[in-house]
Amino acid sequence: MLFVIMCNDKPSSLEMRMAVRSQHLAYLKTYEKQIKIAGPLLDNEGKSCGSLIILNVEDRAAAEGFAISDPYAKAGLFESVVIRSFKEVCSEGQMLI
């Protein structure tokens with residue numbers, strides 16, 4: 001099942017994000033087969049201000065476990081985290097239904 005995990009960084013936390021980035025990327029690597037898409041959200045100046053991950057896991061509990069265990073979350077980077085189930089309808093220019 002697909003889940004969207006959208007995380008918004010705390011204000012003025014770019015330095016913290018960069019300090020933990022290598023740990024975060026290593027963590028994502030362990031879920032490489034389950035991650036459909038992942039990357040930073042950008043502010044109006046093009047600087048990272050959050051994260052967006054679409055993850056294919058068994059259930060919401062697995063998505064929540066993934067989000068809680070992210071090194072960014074453990075470091076206290078996020079102001080908010082929203083997890084929603086997701087139904088893919090179109091991908092790479094192709095309708096799926």
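What share of the contacts in the protein with a separation of 6 or more comes from residues 24 or more positions apart? Such residues account for 68% of them, where contact means heavy atoms within 4.5 Å. This is a predicted model, in which local features need pLDDT of at least 70 and side-chain atom pairs count only at pLDDT 80 or more, while totals for chains, interfaces and linings use all residues. Residues are numbered from 1 along each chain as its sequence is written, and side-chain values use heavy atoms, with hydrogens and water left out.

The protein has 3 helices and 6 strands, these being DSSP runs numbered from the N terminus (helices H or I, at least four residues; strands E, at least two). Along the sequence they follow the pattern β-α-β-β-α-α-β-β-β.

Four of the strands form an open sheet of 4 strands in the order β2-β3-β1-β4, with antiparallel pairing; two strands pair if DSSP finds at least two bridges between them. The edge strands, β2 (35–42) and β4 (78–86), each pair on one side only. Strand β1 (residues 2–9) is joined to the antiparallel β4 by 8 bridges, and the bridge partner of I5 in β4 is I83.

Along its principal axes, the C-alpha trace of the protein spans about 40 × 30 × 20 Å.
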